[in-house]
Amino acid sequence: LRRLFLDLYTEQIAGFYDPDSRTLFAVQGGDPAQLRLVLAHELVHALQHQYLPLDSILHDSTDSDRQAAAQAVLEGQATLASLVALVPGMDLRTNDAFWTTFREQLRAQQIGTSVYARAPMAIREGLTFPYVDGAEFLRWFDKTHPGEVPFGARMPVSTEQILHPDRYSSGDLPITLRFRGDTAGMTLDDTFGEFDIELLRAQLVGAANVRTDPAIGWGGDRLRVYRTNVGPALVWVTVWDEPRYADQFRTQIAGPLSRTARAGYRIAVDSQEIGGKAAIRIVVAPTAWDKWKSLPEVELR
């Protein structure tokens with residue numbers, strides 16, 4: 001995986017801004033037009049760093065979904081600015097045709113590169129999401145909140161808000177969950193989020209791209225991974241805005257996932273209620289896991 005990321009970034013990245021050293025880097029010998037785009041993009045990050053603690057935002061490992069939303073704002077804003085530098089005089093906020101073409105050209109350009117084309121979908125889509133979907137969110141924000149920026153208390157707190165700005169404007173906040181009980185053997189405690197759920201669905205059905213419309217009614221989730229002597233064990237609990245959304249998740253994602261079990265593993269799916277909300281718990285763990293008889297419980301935080 002490390003080798004893949006090194007090869008992928010070598011292929012895809014022409015420059016970057018490092019918050020720790022406050023230094024902007026660009027690849028030597030790059031195409032001048034591409035360098036113009038990169039400099040405009042990365043200088044925005046340098047400006048953002050004057051108002052935001054970029055290093056702490058991007059290194060927060062307690063909530064991956066919230067981190068992805070913040071990254072989408074930062075990269076989306078920089079993407080908009082760099083495109084304005086590349087195509088001066090065009091009002092990119094209102095030009096829907098441009099954005100449709102931009103999405104298609106970006107995807108075609110990346111698929112045409114060898115390392116990106118052979119990378120797993122989770123890595124490809126995760127790499128593209130903050131730039132493309134983040135720029136779409138910022139385009140919406142610029143139109144609805146002219147002269148303002150979504151920083152500080154206005155920063156989106158979930159990928160659901162990035163993908164569906166109406167959820168942002170209505171103040172639809174994630175339901176925050178936490179596990180009860182000891183943490184013995186735990187290696188990860190995190191949030192999945194709407195974008196990763198849609199990514200999982202695409203993977204399960206063999207889709208070429210991630211479908212992000214319409215909203216899936218995600219309310220919140222929490223997952224834990226435990227280390228065992230015979231392999232890792234996952235406990236993942238999702239809560240939903242309405243019972244019908246929980247039913248859709250169980251049919252479209254939990255069901256297909258439960259049919260992917262491998263030798264020595266067991267997958268269990270059950271419905272619950274947490275804080276008055278419909279919930280689904282998925283457990284993917286070795287059949288010999290000692291916690292099967294007393295699975296970790298989740299509550300509202």
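Visitor: How many bridges join strand 7 to strand 8, and what counts as a strand?

Guide: Strands (E, at least two residues) and helices (H or I, at least four) are DSSP runs, numbered from the N terminus, and two strands pair if DSSP finds at least two bridges between them. Here 10 bridges join strand 7 (residues 265-274) to strand 8, and the two run antiparallel; within this pairing, Ser271 has Ile280 as its bridge partner. The two strands form a hairpin with two residues between them, and Gly275 in the turn has a positive phi of about 60°. This is a predicted model in which local features need pLDDT of at least 70 and side-chain atom pairs count only at pLDDT 80 or more, while totals for chains, interfaces and linings use all residues. Residues are numbered from 1 along each chain as its sequence is written, and side-chain values use heavy atoms, with hydrogens and water left out.

Visitor: Which strand is joined to strand 8 by six bridges, and how many residues of strand 8 are buried?

Guide: Strand 6 (residues 233-240) runs antiparallel to strand 8 and is joined to it by six bridges, with Val237 partnered by Arg281. Buried means under 20% relative accessible area, exposed over 50%, and partly exposed in between (1.4 Å probe, protein chains only). By that criterion, eight of the 10 residues in strand 8 (residues 277-286) are buried.

Visitor: Which residues of strand 1 form its covered face, and which its uncovered one?

Guide: In a regular strand the side chains alternate between the two faces of the sheet. In strand 1 (residues 15-18), Gly15 and Tyr17 make up the covered face, whereas Phe16 and Asp18 make up the uncovered one. Four bridges join strand 1 to the antiparallel strand 2 (residues 23-26), where Gly15 stands opposite Ala26. Four residues separate these strands in their hairpin, and Arg22 in the turn has a positive phi of about 55°.

Visitor: What covers the buried residues of helix 2?

Guide: The buried residues of helix 2 (residues 32-48) include Val38, His41 and Val44. Among the elements that cover the buried residues, by contact (heavy atoms within 4.5 Å), are strand 1, strand 2, helix 3 (54-58), helix 4 (64-86) and helix 7 (121-144).

Visitor: How far does helix 2 reach from its first C-alpha to its last?

Guide: The expected span of a helix is 1.5 Å times one less than its number of residues. Helix 2 has 17 residues and reaches 24 Å from its first C-alpha to its last, close to the 24 Å expected.
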